[in-house]
Amino acid sequence: MAYLVAFEDELAVATLLEYSLKNFGHSVDIFPNGCDDSLKKLLLLKNNPDLFLLDFNMPGRNGLEVLTLIRTDTAYHRFSDVPVMGIGDFPKDQRSGLVDCYPKTWALRDLNNRINVALQNRTG
């Protein structure tokens, strides 16, 4: 289906997210935080993701800071038009630039449905 890149620092959540989304047919890479090491690995990806999933509360840069970085830093220019879905407690006044925001109290099938809607809206 789609290639997703998720930034999630909680190991149990990341494992469940990766396992479930792969079962829904997506290809998934998980980055454990918004620190420099994760962001350097992001630059090494051979293919651009179809969608980013960003946790708000992470060590290093939080999800909003990662979103700002991939939208404004020239090093990440190739990702500037990749849609971003927030996961967790993004403050309502800081959701600009997100295609959706989903709480961590998710039902995985519902999360997959919302990912598919975001992907459909991207391709028109």
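Tutor: Helices and strands here are DSSP runs, a helix having at least four residues and a strand at least two. The model is predicted. On that basis the protein follows the pattern β-α-β-α-β-α-β-β-α along the sequence.

Student: How many helices and strands does the protein have?

Tutor: Four helices and five strands.

Student: Now the rings. How many aromatic pairs does the structure hold?

Tutor: Three.

Student: Why is the pair of Phe7 and Phe52 called tilted?

Tutor: Ring centres must lie within 6.5 Å to pair, and planes under 30 degrees apart count as stacked, over 60 as edge-to-face, the rest as tilted. Here the centres are 6.5 Å apart and the planes stand at 45°, so the pair is tilted. Phe7 sits in strand 1 and Phe52 in strand 3, 45 residues apart.

Student: Why is the pair of Phe52 and Phe79 called edge-to-face?

Tutor: The planes of Phe52 and Phe79 are at 75°, with centres 5.7 Å apart. The cut-off is over 60, so this pair is edge-to-face.

Student: What does the pair of Phe52 and Phe79 tie together?

Tutor: Phe52 lies in strand 3, and Phe79 in the loop between helix 3 and strand 4. The pair therefore ties together parts 27 residues apart in sequence.

Student: Is Phe79 buried or exposed?

Tutor: Buried, as is Phe52. Buried means under 20% relative accessible area.

Student: Which residues do ring pairs link into a cluster?

Tutor: Phe7, Phe31, Phe52 and Phe79.

Terms used: Residues are numbered from 1 along each chain as its sequence is written. This is a predicted model: local features need pLDDT of at least 70, side-chain atom pairs count only at pLDDT 80 or more; totals for chains, interfaces and linings use all residues. Side-chain values use heavy atoms; hydrogens and water are left out. Rings of Phe, Tyr and Trp (its six-membered ring) pair if their centres lie within 6.5 Å; planes under 30 degrees apart count as stacked, over 60 as edge-to-face and the rest as tilted. Buried means under 20% relative accessible area, exposed over 50%, partly exposed in between (1.4 Å probe, protein chains only).
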